[in-house]
Amino acid sequence: MKLLVINGVNLNLTGRREQGVYGAETLEEINDYLKEYAESRGAQVTFFQSNLEGEICTALQKADGMYEGIVLNAGAFTHYSYAIRDAIASIGVPVVEVHMSNVHARESFREKSVLTGVCKGEILGFGKNSYRLALESFLI
Ligand code: DQA
């Protein structure tokens with residue numbers, strides 16, 4: 001099973017920004033944790049991060065036919081990127097949307113995701129384990 005984890009805008013700052021919300025672990029540390037978990041379950045995981053909307057669309061397009069599942073934390077793009085939504089809808093690989101924080105317990109603009117409707121499912125509020133649970137959803 002080949003899985004891809006995509007992180008969007010500002011997620012490269014995880015561990016440094018808003019630690020009370022996103023925790024103190026860096027994205028690299030979280031990715032190491034996820035890699036170890038995926039490998040223990042016999043899956044291969046690849047990671048991609050970009051602050052650029054178009055690069056995320058390109059990564060989604062390129063993933064078509066290459067992966068069996070994608071875990072996507074699009075960061076703030078979640079709330080307004082029709083381009084990322086269309087890219088998800090354009091590919092055959094199922095995408096699970098994740099958020100580390102409980103977006104429904106925060107500012108009202110975070111309550112709306114324009115991506116959920118074209119995703120297989122959504123997992124949020126469990127910190128780094130939101131990613132792990134999303135990976136697991138492809139492995140059960
Ligand atoms: C986030 C939630 C988004 O609203 C925010 O813009 C992020 C991170 C999360 O993981 O909780 O950058 O996707």
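**Figure 1. Glutamate 107 and its charged partners in the predicted model.** The model shown here is predicted. Glutamate 107 is partly exposed, and its relative accessible area is 37%. Its side chain meets that of arginine 106 in a salt bridge, at 3.8 Å from N to O. Glutamate 107 also forms a salt bridge with arginine 110. Here the closest N and O atoms are 2.7 Å apart. Arginine 110 is buried, with a relative accessible area of 14%. That value falls under the 20% limit for a buried residue. Through shared partners, salt bridges link Glu18, Arg106, Glu107 and Arg110 into one network. Side chains of opposite charge can pair when their charged atoms come close.

Figure 2. Glutamate 18 lies in the loop between strand 1 and helix 1. Its phi is positive, at about 35 degrees, although the residue is not a glycine. Most residues other than glycine have a negative phi. Glutamate 18 counts as partly exposed, at 44% relative accessibility. Glu18 belongs to the salt-bridge network that also holds Arg106, Glu107 and Arg110.

Figure 3. Phi of asparagine 10 is near 75 degrees. That is a positive value in a residue other than glycine.

Figure 4. Lysine 35 and glutamate 39 join their side chains in a salt bridge. The N to O distance is 2.9 Å. What separates lysine 35 and glutamate 39 along helix 2? They are four residues apart in this helix, so about one helical turn lies between them. Lysine 35 is partly exposed, at 35% relative accessibility. Glutamate 39 is partly exposed too, at 46%. Beyond this view, a search of the whole structure finds six salt bridges.

**Figure 5. A negative patch on the surface.** Four residues gather here: Glu28, Glu29, Asp32 and Glu36. Together they make a patch of negative charge on the surface. Glutamate 36 sits in helix 2, which covers residues 27–40. Is glutamate 36 buried or exposed? At 60% relative accessibility, glutamate 36 counts as exposed. The limit for an exposed residue is over 50%.

**Figure 6. Strand 4, covered on both faces.** Strand 4 spans residues 95–99. How many of its five residues are buried? Five of the five are buried, and the strand is mostly covered. In a regular strand the side chains alternate between the two faces of the sheet. On one side of strand 4 are Val95, Glu97 and His99. On the other are Val96 and Val98. Both faces are covered, and the residues on each are all buried.

**Figure 7. Strand 3 beside strand 4.** Strand 3 covers residues 69–73. Three bridges join strand 3 to strand 4, and the two run parallel. Which residue stands opposite valine 95 of strand 4? Isoleucine 70 takes that place. Val95 itself is buried, on the side of strand 4 that also holds Glu97 and His99.

Conventions
Residues numbered from 1 in each chain as written. Predicted model: local features only at pLDDT ≥ 70, side-chain atom pairs only at ≥ 80, totals over all residues. Heavy atoms only, no water. Patch = residues over 30% accessible without salt bridge, like charges linked within 9 Å, V, L, I, M, F, W, Y side chains within 5 Å. Areas by Shrake-Rupley, 256 points an atom, 1.4 Å probe, with all protein chains shown as cover. Lys, Arg positive; Asp, Glu negative; His and termini not counted. Charge placed at Lys NZ, Arg CZ, Asp CG, Glu CD. Buried < 20%, exposed > 50% of the residue type's maximum accessible area, 1.4 Å probe, protein only. Pairing = 2+ DSSP bridges.
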